[in-house]
Amino acid sequence: MDIINLLSEQISNQIAAGEVIQRPSSVVKELLENAVDAGATEIKVHIKDAGRTSIIIQDNGSGMSKKDASLCFTRHATSKIHKVEDLFQLKTKGFRGEALASIASIAHVTLKTRLEKQDDTGTLIEMNGGTPTRNEECICEKGTSIEVKNIFFNVPARRSFLKSDNAEFTSIRNEFERVSLAHNETKFILTHNGNDIYNVSAGNLRKRITDIFGLKSNEKLVPIEEKTDIVTLSGFVGKPENAKKSRGEQYFFVNQRFFKHTYFHHAVSKAFEQLIPEKSHPSYFIFLEINTEKIDVNIHPTKTEINFEESKFIYTILLSSIKQALGKYNIAPSIDFDIDTSFDVPLSHKNEIPVEPEIKVDPSYNPFSTFESKKGTGTSSNKALNNQGFGKKSDAKEWEDFYAIREEKNTSQHALIEEKEEYRGNKYLIRGRYILSNVKSGILIIDTYRAQQRILYDNMMTSFVSAPLASQKLMFPLEMELNQNEIDAWNESKSLLKQFGFQFELENNGIRLESLPSCISEQTSHSCIDDVSRTLTNTEQPDKGELAHEIVSNLVHVVSKDFQIKSEHEIETFVNQLFSSPDHSFCPFGKPIMKTLTIEELTTKF
Ligand code: ADP
Ligand code: MG
């Protein structure tokens, strides 16, 4: 009996919608991008009930002909590419022709559109869960207006996954801010339930940033500018004195498209190093213009990561031009820019090309089922992204690849780590921090501070899965004032946080903490809670595994500060504990735990 049949267009659109449209803000993003692609100079967004009830986006762009209007809801219907080569010269935001088909399949959609040169009448099309229900002439303005009502009305599981109105609207506002920052030449309006949220007129970038983030931003911005053959940089960084505890306004755009990039973020942070207090974050609005052939166009519609061919070069340019800008505005002490663009690599690697730091990508990770494979790294190398597209699970091999440079030089060290017997000799504790041991090829040096972080991390990650971590009840509950976004985030991760020892009640304008993980002291509790809060709100769609990694990393960071090996007797147990971890070579923050000083190196010293 034959059992295979072809899915109807309606079903396959719904399946595709699962990827493209995850929440109301995905609709807003797609429709805003279409309006921008249509060359609109004015775009209005009206939202009802955080997008659950209705999303209207109206533009004065090119509009569509009657035929195009009928076609635009068909999957893979696009006016933006015609042949494969077009993919490498993309100037538009969209090109897949998936968004409208996906949106129409999971909502009630009304489209009104009119070409500029048409008479007074345009076209009205109504789609109901993927089925056309109206197609007629109508009176409408030049341009396009799309209303999306009752999102996920026919996918109740999705609808029930929507978060609080506050959280959903914050996500919409984020998308709106990103597109409107990228297009300061366009006027944008955003309303929610009839209230004006933004009304920003066309102007230069400084004005746009000021309009979006408040008047005072104006005095706080330092311009950056750099033109090279590969990339043109422009935009602003916030002055160091305005760096924030929470990671708020950090924006990268490439060819007017918002993206996230851990490696480039590192370059910006590095430029600010020693100018801002530890754990505070500079704001930045950085625009890259780059030949479209030099970036990976095959961007997943819901991902904001982008791969760059020349990322190392861009890193250097970013670092030096921000330092230069800060220096020029007399913010940083004057720096010798020619020599000061070195990377923060250990001394012995100063002359090597640094490898990109990794981006955290492991959405399939679930600490409750695949714990073993994730334990330790918490991250995967960027290579995983390049090789396999986004979201594929990383493995230990990639993590090793990330350290390829170091591995090459340290093969002898690894051989030693495998042969445990070899370094059972004498061990010396130096200044309470470093353990020195005589090994086959020379001297093995273990940084106990980092080793302790690895041990703690592994212990916590293993034990929280089976039982909550030890928690201490506070004699006086700790009241923390939080914004609605943060309250929602704490609430949504309540059960996970409980596993880590955080017990709390929600209040109107914050939370009341009743218990804390017993590993944190009262003095450190505030900064720890701050960190957790930031972790919870920074991740757009927090994955449990990633959250667990972040929370444990925070705890480890705080707890390990007080660590010291007190006596030589403890060394043996400590070393054994360390080597029982499969990831004993690196601390949870990716730094090496041990180094070998080889006999050859020793000899050269005399
Ligand atoms: P894509 O943007 O990837 O091409 P979409 O499904 O978002 O796919 O849109 C399909 C097509 O519909 C677009 O290629 C464009 O020709 C047309 N279209 C969509 N929105 C608008 C709009 N606001 N104004 C004019 N044309 C539009
Ligand atoms: Mg589109």
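Student: How many helices and strands does the protein chain have?

Tutor: There are 22 helices and 20 strands in the chain. Keep in mind that this is a predicted model.

Student: What share of the residues counts as buried?

Tutor: The chain has 606 residues, and 49% of them count as buried. Now look at contacts with a separation of 6 or more: 68% of these join residues 24 or more positions apart.

Student: How do I read two packed helices?

Tutor: Two packed helices are described by the angle between their axes and the distance between the axes. Take helix H19, residues 522–538, and helix H20, residues 544–560. They pack at an angle of about 160°, and their axes are 10 Å apart. An angle over 145 degrees counts as roughly antiparallel, so H19 is roughly antiparallel to H20.

Student: Is the crossing of H19 and H20 left-handed or right-handed?

Tutor: Right-handed.

Student: Which residues of H19 and H20 make the contact?

Tutor: From H19, look at Thr 524, Cys 528, Asp 531, Val 532, Thr 535 and Leu 536. From H20, look at Leu 547, Glu 550, Ile 551, Asn 554, Leu 555 and Val 558. Sorted by class, the contact has seven nonpolar, three polar and two charged residues.

Student: Which residues of helix H7 are buried?

Tutor: H7 covers residues 205–213. Its buried residues are Leu 205, Arg 208, Ile 209, Thr 210 and Ile 212. After H7 comes Gly 214, with a positive phi near 105°.

Student: Which residues have a positive phi although they are not glycines?

Tutor: His 76 is one case, with a phi of about 65°. It lies in the loop between helix H3 (66–71) and helix H4 (99–105). Arg 431 is another case, with a phi of about 50°. Arg 431 lies in the loop between strand E14 (427–430) and strand E15 (434–439).

Student: Are His 76 and Arg 431 buried or exposed?

Tutor: His 76 is exposed, at a relative accessible area of 53%. Arg 431 also counts as exposed, at 77% relative accessibility.

Definitions and conventions:
Residues numbered from 1 in each chain as written. Chains lettered and ligands numbered in written order. Predicted model: local features only at pLDDT ≥ 70, side-chain atom pairs only at ≥ 80, totals over all residues. Heavy atoms only, no water. Buried < 20%, exposed > 50% of the residue type's maximum accessible area, 1.4 Å probe, protein only. Helix = DSSP H or I, 4+ residues; strand = E, 2+ residues; numbered from the N terminus. Axes fitted to C-alpha atoms, helices over the stretch in contact; angles between N-to-C directions. Parallel < 35°, antiparallel > 145°, perpendicular 65-115°, else oblique. Left-handed = near helix turned anticlockwise from the far one by under 90°. Contact = heavy atoms within 4.5 Å. Nonpolar A, V, L, I, M, F, W, Y, C, P; charged D, E, K, R; others polar.
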